[in-house]
Amino acid sequence: MTAKISSSYQITLPNSMRKNFQMNAGDEVDIIETSEGILVKKAMTREEKVRQAFAGLDEWREKLPDKVKENIKKYAGWTASQHREYIDNLPEMKLQMGEKYNA
C-alpha cells in the first residue's frame with residue numbers, strides 16, 4: 001500500500017488499515033528504521049506494555065524455592081517502612097547493629 005507525504009511531512013493511514021488495526025485519532029505508532037526502509041507499526045498501549053513486562057512472572061514464581069514463596073505470601077501487601085521495621089526488630093539484626101555501632 002502506498003501513501004503520500006503531505007507538505008507538512010505527514011502521512012495518512014488508509015481507512016482500511018485503521019479499521020483492521022483498530023486505530024483511532026490520537027493513537028501512537030512506532031516508526032522503526034530498518035536496513036530495508038521504514039517500518040510503521042501500531043504502538044503498544046500502556047496496558048499492553050505492562051502485560052508484556054509481567055507475562056513471564058507466574059512461570060518465574062513457580063520456579064522459586066518454597067521458602068521464598070512462603071515469604072512472598074507472608075509479606076504481601078506490606079509497605080516498605082513496615083518491612084524495614086520488621087527487619088530492624090529481628091533479634092539477630094539488633095545484635096548485629098549493636099556490635100557494629102557499639103549500641
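Ala, Val, Leu, Ile, Met, Phe, Trp, Tyr, Cys and Pro count as nonpolar, Asp, Glu, Lys and Arg as charged, and the others, Gly among them, as polar. The exercises below concern a predicted model.

**Exercise 1.** Sort the lining of the largest pocket into nonpolar, polar and charged residues.

Solution.
- Step 1: The pocket to examine has a volume of about 210 Å³.
- Step 2: Its lining consists of I11, T12, L13, R18, M23, N24, A25, G26, D27, V29, I31 and V40.
- Step 3: Sorting these residues gives seven nonpolar, three polar and two charged.

**Exercise 2.** Find the residues of the nonpolar surface patch and the elements that give two or more residues to the patch.

Solution.
- Step 1: The patch is made up of I5, Y9, I11, V29, I31, I38 and V40, and together they have about 780 Å² of accessible area.
- Step 2: Two or more residues come from each of β1 and β2 (37–42).
- Step 3: I5 is placed in the segment before α1 (15–20).

**Exercise 3.** State how many salt bridges the structure holds, and describe the one between E47 and R51.

Solution.
- Step 1: There are two salt bridges in the structure.
- Step 2: In the bridge between E47 and R51, the closest N and O atoms are 2.6 Å apart.
- Step 3: E47 and R51 are about one helical turn apart, because they lie four residues apart in helix α2 (residues 46–53).

**Exercise 4.** Identify the elements with the lowest and the highest mean pLDDT.

Solution.
- Step 1: For the protein, the average pLDDT is 88, and 99% of the residues score at least 70.
- Step 2: Helix α6 (residues 91–101) has the lowest mean among the elements, 83.
- Step 3: Strand β1 (residues 29–34) has the highest, 94.

Definitions and conventions: Residues are numbered from 1 along each chain as its sequence is written. This is a predicted model: local features need pLDDT of at least 70, side-chain atom pairs count only at pLDDT 80 or more; totals for chains, interfaces and linings use all residues. Side-chain values use heavy atoms; hydrogens and water are left out. On a 1 Å grid over the protein atoms alone, a cavity is a set of points where a 1.4 Å probe fits but cannot get out, and a pocket is an open set with protein on both sides within 12 Å along at least five of seven lines; lining residues have an atom within 4 Å of a point. Grid points are joined across faces, edges and corners, and a volume is the space filled by probe spheres set on the points. pLDDT is the predictor's confidence in each residue, from 0 to 100. Patches are made of residues with over 30% relative accessible area and no salt bridge: like charges are joined within 9 Å, nonpolar side chains (Val, Leu, Ile, Met, Phe, Trp, Tyr) within 5 Å. Accessible areas come from the Shrake-Rupley method with a 1.4 Å probe; for residues, only the protein chains shown count as cover. A salt bridge is a side-chain nitrogen of Lys or Arg within 4 Å of a carboxyl oxygen of Asp or Glu.
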